[in-house]
Amino acid sequence: MTAFKSDFLNVLRSRGFIHQISDPDSLDGLAARRELVAYIGFDCTAPSLHVGSMVQIMCLYWLQQTGNKPIALMGGGTTRVGDPSGKDETRKILSIEDIERNKEGIKQVFSRFLKFGEGKNDAIMPDNAEWLTKLNWIEMLRDIGRHFSVNRMLAMDSVKLRLERDQEMSFIEFNYMILQAYDFAVLNQRYDCRLQMGGSDQWGNIVNGIDLGRRMGTPQLHALTTPLITTSSGEKMGKTASGAVWLNADMKSPYEYWQFWRNTEDADVARFLKLFTTLPLGEIERLAALQGAEINEAKKALAYSATALLHGADAARVAAETARQTFEEGAIAENLPTAKVPHSVLESGLSVLEAYVLSHLVTSKGEARRQIKSGGLRVNDLVVVDENMMLTPENLTAEGVIKLSFGKKRHVLLKPA
């Protein structure tokens with residue numbers, strides 16, 4: 001395989017980030033001259049991004065590390081419409097206040113990965129609400145909408161797959177691809193942005209933007225998509241029994257984040273080291289070659305490196321030490337995730353099923369019952385055998401907590417408050 005001229009594309013290819021590129025030679029030339037400005041859009045649908053967004057964030061990271069300029073576009077405008085890609089039903093319409101609150105939460109993560117400022121390759125973070133909310137409907141139809149073919153829009157996967165499953169698509173969602181395409185044109189006009197990156201399900205939407213730019217007289221625009229990341233067992237990246245793996249520390253603690261990566265399946269370790277850490281490829285090859293029980297060292301390296309990137313080296317060290325104490329010494333480590341329960345509730349008796357839901361170790365009482373039947377739940381390291389078990393102050397350890405465990409690797413300390 002012929003090497004690219006640019007460090008950017010060589011890094012992305014060698015680490016497994018590339019699924020499709022619209023015009024590799026032209027894009028490679030821009031990146032080789034370190035003149036590439038590229039963006040990825042992030043809609044504000046939740047107070048935090050989750051681990052599924054890490055592939056895109058790392059693309060922006062490597063873009064800047066190789067001398068080019070990243071744009072992390074906040075979707076304050078497009079979130080008001082809702083991206084239909086990969087959905088069987090209309091996304092919930094959020095209030096403007098919720099969108100703004102979510103946007104502030106999402107912003108937190110980027111300073112860990114990108115340097116923002118006024119320099120040539122410093123990152124910027126515009127919000128598409130700035131231009132989308134000012135569009136006049138008639139002018140939009142005349143100046144932008146006329147460039148779109150309904151025939152082509154109906155053929156887009158985000159629309160076609162929904163219609164094939166007889167799932168309704170609202171008119172507002174149908175317009176999402178127009179707004180996304182317009183974003184690309186505006187970012188080109190304002191910042192000379194030439195590349196939009198996104199997941200493989202965004203290819204059609206990005207190509208729409210390239211086509212709109214051509215019709216509106218922009219220079220050549222480019223598309224680059226990343227592969228859909230699934231685990232070796234076929235699970236969607238970041239799917240866990242307790243829900244999404246959020247990036248903000250107040251929604252998923254550094255220890256829980258560390259533990260998520262520590263629990264990576266053996267067959268995924270090398271791939272995830274390339275995608276989600278900045279370790280040199282030579283070191284990754286060494287770790288990937290470990291066999292048997294030694295592969296746990298590679299998993300710890302993955303957990304430490306990924307956590308240090310997001311939460312800092314100190315938080316990663318604390319998480320690793322908490323895990324060591326918990327698993328190697330059998331101690332109740334004070335840095336384990338905690339869940340609080342009122343004294344009065346514990347005194348009157350708290351159902352073990354409710355305790356596990358409260359701790360977010362399971363998502364429902366039904367799941368807790370199933371885990372009890374298979375011997376998967378433990379209270380203070382003793383297997384739960386009775387689903388009607390009640391937790392009371394008598395269950396408190398000398399440390400004043402109740403240790404809830406799901407399997408061997410997931411623990412939460414229940415603390416009276």
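Predicted model: local features only at pLDDT ≥ 70, side-chain atom pairs only at ≥ 80, totals over all residues.
User: Let's start with the overall build. How many helices and strands does the protein have?

Analyst: There are 19 helices and 14 strands. The radius of gyration is 24 Å, close to the 22 Å that the globule rule gives for 417 residues, so the protein is as compact as a globular protein of that length. Along its principal axes, the C-alpha trace spans about 75 × 50 × 40 Å.

User: What share of the residues counts as buried?

Analyst: Of the 417 residues, 51% count as buried. The accessible surface comes to about 19,400 Å², and carbon and sulfur atoms hold 50% of that. For contacts, take those between residues at least 6 apart in sequence: 73% of them join residues at least 24 apart.

User: And the charges? How far apart are the mean positions of the positive and negative ones?

Analyst: The protein has 49 positive and 51 negative charges, and their mean positions are 2 Å apart.

User: Now the aromatics. What describes a pair of aromatic rings?

Analyst: You look at the distance of the centres and the angle of the planes. Here the count comes to eight aromatic pairs. Take Phe 42 and Phe 110: the ring centres are 5.0 Å apart and the planes sit at 70°, so this pair is edge-to-face. Phe 42 is in strand S2 (residues 37-43), while Phe 110 is in the loop between helix H4 (96-107) and helix H5 (129-132), so the pair ties together parts that are 68 residues apart in sequence.

User: Which residues do ring pairs link into a cluster?

Analyst: Tyr 257, Phe 260, Trp 261, Phe 272 and Phe 276.

User: Last one: how do I read a helix, say H2? Which of its residues are buried?

Analyst: The general idea is that an α-helix has 3.6 residues a turn, so residues three or four places apart point the same way. In helix H2 (residues 24-32), the buried ones are Leu 27, Asp 28, Gly 29, Leu 30 and Ala 31.

User: What do they pack against?

Analyst: The buried residues of H2 pack against helix H1 (7-15) and strands S1 (20-21), S4 (195-199) and S5 (222-226). Just after H2, have a look at Arg 34, which takes a positive phi of about 55°.

Notes:
Residues numbered from 1 in each chain as written. Heavy atoms only, no water. Helix = DSSP H or I, 4+ residues; strand = E, 2+ residues; numbered from the N terminus. Rg over C-alpha atoms; globule rule 2.2 N^0.38 Å. Buried < 20%, exposed > 50% of the residue type's maximum accessible area, 1.4 Å probe, protein only. Contact = heavy atoms within 4.5 Å. Areas by Shrake-Rupley, 256 points an atom, 1.4 Å probe, with all protein chains shown as cover. Lys, Arg positive; Asp, Glu negative; His and termini not counted. Charge placed at Lys NZ, Arg CZ, Asp CG, Glu CD. Phe/Tyr/Trp six-rings, centres within 6.5 Å; stacked < 30°, edge-to-face > 60°.
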